[in-house]
Amino acid sequence: MKPLFRRLMGAAGIAAALYSCASVGRIEGGPIDETPPLFLGSTPASGALHNKKNKIVIEFDEFIKLDKPNEKIVISPPQVQQPEIKSNGKKVVITLQDTLKANTTYTVDFADAIQDNNEGNPLENFSFSFSTGESLDSMAVAGTLLNAANLEPVKGMLVGLHSNLADSAFTALPFERVGRTDSRGHFSIRGVSPGKYHIFALQDADQNFAFTQPTEIIAFHDSIIIPTMEERMHQDTVWVDSLTIDTIFDHKYTHFLPDDILLRSFKEIHYSQRLAKSERLTPEKFSLYFTAPADSLPLLEGLNFDERDAFVIEQTTGRNDTLHYWIRDSLIYRQDTLKMRLTYLYTDSLQQLVPRTDTLKLLSKLTYEKLQKQKREAKEKEQKEREKRKKKKDEEQEKPDTEFLTVDVYAPSAM
């Protein structure tokens, strides 16, 4: 019995070992990657001078992807033709379609568009610069853009600089250097050369980097911006543990000013005053519709009736842009056509308000007799509908209740 028992125990041990070897388990992939991509190099090199190549290749230490490149990536000076921006494995490839300007610093601000391919860790505030001349402009200005109506941060608006200090530059010339606001309304414009600038923000609807559409949202700063820089100190701390400090290192760095520019965005209200429409839907009332409010009522002169004390004027908005004239005298509103001379303020080609006089002929769409007839017909129709509903209700009340047949089911429990 003992040899048999030993053989059985040995077989059981071998079976257990084989089962444990063949059991299915989950493969652990190690710790989650939380580090963003690391910049390795580029062609041309970062900060290169005398560059004449339109193609930029930037390489990282891992596979990357671009998140909304057309929205987040901003190139200064702004490009008239949209550049081609794409990711290729561990590289970002940018092809500029515009001809490179001489003696100009080009800056590509990626914001957080570059992310690693697997976990989506963004590379924050990454920018790349090169120059077509013998020097590289490295100054920067920064600030915050808020909505003037509610002081909420504005995301995704262009903020640009003009060295041309004339007021017309914003409407006639494209920005020289640009940045874009993030979700907090913060912006930073890099690669700025020393000088004096005006700064503007623009919701560029037609993508020409200038304020050419009256419906575009804008912002401006009333003071001249002069970029400067100063040396500051930054401290790094090395800890032995969570309570004990080992070493504190002092690092000098260059800080660019101004960094607290505050812009408030708004949309300009453009009034173009003209008479949009005049109508007379009913004999006893006619209406005048203007495209913009006015400070005074238009002057009205009757040509086939006496306009003195002839109307009660109703202003629906209180701004004199929608006026309803209720006619007091039945002898006037029974006329099929009212002829009048109307004088009102009109916006001319120079955007100036000037008096303008038009002659109006207001034909009633409903004559007085036809209107009375329609009222009678409507009243009769309503009376008939009322009588019909009453008759139906009376019939339902007189209708006897329905008696249903009783049903008995004789079925054994098995069914």
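**Strand pairing and its surroundings**

Reply: Strand E15 and strand E18 (residues 261–267) run antiparallel and are joined by two bridges. The model is a predicted one. Within this pair, Ile217 has Lys267 of E18 as its bridge partner. E15, which covers residues 217–220, is also joined to strand E14 (residues 198–202), by three bridges and again antiparallel. There, Ala201 stands opposite Ala219 of E15.

Pro258 sits in the loop between strand E17 (245–257) and E18, and the peptide bond that joins Leu257 to Pro258 is cis, with omega about 0°.

Next come two open sheets. In one, four strands are arranged in the order E1-E2-E6-E5 with antiparallel pairing. Strand E1 (39–43) and strand E5 (84–88) have a single partner strand each and stand at the edges, so one side of each has no neighbour in the sheet. From one strand to the next, the twist averages 15°. Thr43 and Pro44 are joined by a cis peptide bond, with omega about -5°.

The other open sheet has four strands in the order E19-E20-E23-E22, with antiparallel pairing. Here the edges are strand E19 (275–282) and strand E22 (311–315); each has a single partner strand, so one side of each is left without a neighbour in the sheet. Ignoring direction, neighbouring strands of this sheet are turned by 20° against each other on average. E19 runs antiparallel to strand E20 (residues 285–290), and five bridges join the two.

Most residues other than glycine have a negative phi, and most peptide bonds are trans. Asp309 has a positive phi of about 55° although it is not a glycine, and Asp309 lies in the loop between strand E21 (299–302) and E22. Its relative accessibility is 65%, which is over 50%, so Asp309 counts as exposed. Asn103 also has a positive phi, near 50°, and is placed in the loop between E6 and E7. Asn103 counts as exposed as well, at 65% relative accessibility.

Rolling a probe the size of a water molecule over the atoms shows where empty space is left. There is one cavity of 30 Å³ or more. The largest cavity has a volume of about 40 Å³, and E4, E7, E12 and E13 each supply at least two residues of its lining. E13 gives the largest share, three residues. Among the lining residues are Val74, Thr107, Asp109, Arg177 and Ile189. By class, the lining of the largest cavity divides into three nonpolar, three polar and three charged residues.

The largest pocket holds about 1,200 Å³ of space. Two or more of its lining residues come from each of helix H2 (69–72), strand E4 (74–76), strand E7 (105–111), strand E12 (177–180) and strand E13 (186–192). The pocket is lined by 41 residues, and those nearest its centre are Glu71, Lys72, Ile73, Val74 and Arg180. This lining has 16 nonpolar, twelve polar and 13 charged residues.

The last point concerns strand E24 (residues 337–347), which includes Arg341. With a relative accessible area of 32%, between 20% and 50%, Arg341 is partly exposed. Neighbours within four places in sequence aside, Arg341 contacts Leu299, Leu300, Glu301, Leu303, Thr357 and Asp358. The C-alpha atoms of Arg341 and Leu303 are 7.0 Å apart, although the two residues are 38 residues apart in sequence.

Note on methods:
Residues numbered from 1 in each chain as written. Predicted model: local features only at pLDDT ≥ 70, side-chain atom pairs only at ≥ 80, totals over all residues. Heavy atoms only, no water. Buried < 20%, exposed > 50% of the residue type's maximum accessible area, 1.4 Å probe, protein only. Contact = heavy atoms within 4.5 Å. 1 Å grid on protein atoms, 1.4 Å probe; cavity = no way out; pocket = protein on both sides within 12 Å on 5 of 7 lines; lining within 4 Å. Points joined across faces, edges and corners; volume = space filled by probe spheres on them. Nonpolar A, V, L, I, M, F, W, Y, C, P; charged D, E, K, R; others polar. Pairing = 2+ DSSP bridges. Axes fitted to C-alpha atoms, helices over the stretch in contact; angles between N-to-C directions.
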